[in-house]
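Please keep the sequence and the structure in view while reading the points below.

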Amino acid sequence: TAVDMQLYTKITIALILGVAAGLVANAFDIDPLTRLLVTIEPIGTAWIRLITRVVVPLVFASLVVGTASLGDITKLGRIGSKTIVYYMATTAIAVTIGLVLSNVIRPGSGMSPEGLEALRSNYMAESASRVELAQDAPGLADVLLNMIPRNPVAALAGGDMLPIIFFAIFLGAAVSAIPKERRSHIVGFFDGLNEACMVMIHWIMKLAPYAVFALIGAVIARFGLDVLRSLLVYVVTVLLGLILHVAITYSAALKLLARRAPLAFYRKVRGVQLIAFSTSSSNATLPLTMETAEDELGIEKEVSSFVLPLGATINMDGTALYQAVATMFIAQVLIGDISLTVQFGIVLTATLASIGAAGVPSAGIIILVVVLEGVLAGSGIDPAAGIAMILGVDRILDMCRTAVNVTGDLTAAAVIERSEYEHALRGGSAR
């Protein structure tokens, strides 16, 4: 709508002004401006908290309504299996693209000893704390087991997305099996809750330009271009990989599987990409992602309400690609070339580790530690030494890979909807 376009224009202007203010503060060492930008950063953090708090009731309500409205439980299984297979396939492709680029460009071969030592001294302490945090993270088996919540209320209160999604689908399936007159009351309640969440989101989105300026300005003021220069080849490799994944993988999926024009699709989702870039959070972007899927792309709610919340939790194509490049970069600097067998292990580990990754800023670092531990095993090198090399540019790359993550979620929703449409035609009835 015209109102939405005005809002996105304001967000774009806020983004440009924030970057400009941060660059000026950092490049000219204007300490008062830097302090001001860092001081107002909590405005952006507060905005992320506001919109993230709406995610849990929105996801729960929309999944219950969407699942209960399917009627046929076999349809749920069909949509779910296709969604998971699609997400895992695109994640594996993303990791492969990252590995191919890393072998061709070799971003770690040009790192000077002076630059390496400077990065280690600046970020070693913080990277050690990230490694310690990652060591406490659950393994894949625990992630899958924890999908079944012991206490659904506790999962809702803690915002634990995988158990919430599992319980909401389970409850929606049960609701679809009860008599229609009783089912309508339950569905009506959750449908009303879903609409109330969307109203809150519209209110919160009015504050987005101010939040974007606060978040971007502080990030650029802190890091500027100094760290970027020392890691330029690594950063370019990651960004090139993300661009190729969108231009090739997603565009091919849209053209061949979803029967949609890629450029028109990307124009319609640019607002979602902008918010994802600014917040570095798939979860914070999820309400807008769902609204865009239904209102701008015309994707049916029964598909979007299932595919998108699941994607915000398990579909991390941009993050997986970044992990592949980061792992290769660190390995090339610290231990030299690694074998194809180890690289295949990176594909497998990064793909599986992306399941259950939190859709919040810098969650990819935790997964990266898991991948690095496998690659550096037996070398005697602490993963913290590798993390310290790339931590300075992680937030900037986090913004870029999150934009790719949500684009992948929306692409998946379009592909799955088209698949369901063709399935209905083969069955003799269009939806």
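In this predicted model, a network of salt bridges links Arg78, Lys82 and Glu420. A search of the whole structure finds seven salt bridges. The protein has 431 residues, of which 53% count as buried, and its secondary structure comes to 21 helices and zero strands.

**Salt bridges**

- Side chains of opposite charge can pair when their charged atoms come close.
- Are the two partners buried or partly exposed? Lys82 counts as partly exposed because its relative accessibility is 22%, whereas Glu420 counts as buried because its relative accessibility is 2%.
- Arg401 forms a salt bridge with Asp398, and their closest N and O atoms are 3.4 Å apart. Because Arg401 and Asp398 are three residues apart in helix H21, about one helical turn separates them.
- Arg401 is buried at 0% relative accessibility, and Asp398 is buried with a relative accessible area of 3%.
- The side chains of Arg418 and Glu422 also meet in a salt bridge, at 3.2 Å from N to O. Both residues lie in helix H21, four residues apart, which is about one turn of the helix.
- Arg418 is partly exposed at 26% relative accessibility, and Glu422 is partly exposed with a relative accessible area of 25%.

- In soluble globular proteins, nonpolar side chains tend to be buried together.
- The largest nonpolar core of this model has 106 residues, and the members that touch the most others are Ile11, Trp47, Met205, Tyr234, Val307 and Ile390. Helix H3 (residues 41-70) gives the most to this core, with 14 residues.
- A second, separate core has eleven residues, including Val95, Ala324, Ile338 and Ile346.
- Which residues does Ile390 contact, leaving aside its neighbours within four places in sequence? The contacts of Ile390 are Leu231, Tyr234, Tyr322, Ala326, Phe329, Ile330 and Leu368.
- Among the contacts in the protein with a separation of 6 or more, 85% join residues 24 or more positions apart.

**Surface**

- The protein exposes about 18,500 Å², and carbon and sulfur atoms supply 66% of this area.
- A nonpolar patch on the surface is formed by Val100, Val104, Ile105, Leu232, Val233, Val236 and Leu240, which together have about 570 Å² of accessible area.
- Helix H4 (73-105) and helix H12 (232-257) each supply at least two residues of the patch. The largest share, four residues, comes from H12.
- Ile105 is placed in helix H4 and counts as partly exposed, at 32% relative accessibility.

**Residues with a positive phi**

- Most residues other than glycine have a negative phi.
- Arg106 has a positive phi, near 55 degrees. Arg106 is found in the loop between H4 and helix H5 (113-135), and is partly exposed with a relative accessible area of 33%.
- Ser280 likewise has a positive phi, near 55 degrees. Ser280 lies in the loop between helix H14 (270-279) and H15, and is buried with a relative accessible area of 1%.

- Thr292 is placed in helix H15 (residues 282-295) and is buried, with a relative accessible area of 4%.
- Not counting residues up to four places away in sequence, Thr292 touches Lys268, Val269, Val272 and Leu297.
- Arg267 lies in helix H13 (residues 262-268) and is exposed, with a relative accessible area of 51%.
- The C-alpha atoms of Arg267 and Glu296 are 10.0 Å apart in space, and the two residues are 29 residues apart in sequence.

**Cysteines**

- A disulfide is a covalent bond between the sulfur atoms of two cysteines.
- How many disulfides are counted in this model? The count comes to zero.
- Cys197 is buried, with a relative accessible area of 1%. Cys400, with a relative accessible area of 19%, is buried as well, because the cut-off for buried is under 20%.

Conventions
Residues numbered from 1 in each chain as written. Predicted model: local features only at pLDDT ≥ 70, side-chain atom pairs only at ≥ 80, totals over all residues. Heavy atoms only, no water. Patch = residues over 30% accessible without salt bridge, like charges linked within 9 Å, V, L, I, M, F, W, Y side chains within 5 Å. Areas by Shrake-Rupley, 256 points an atom, 1.4 Å probe, with all protein chains shown as cover. Salt bridge = Lys/Arg side-chain N within 4 Å of Asp/Glu carboxyl O. Buried < 20%, exposed > 50% of the residue type's maximum accessible area, 1.4 Å probe, protein only. Disulfide = S-S within 2.5 Å. Core = buried A, V, L, I, M, F, W, Y, C linked by side-chain atoms within 4.5 Å. Contact = heavy atoms within 4.5 Å.
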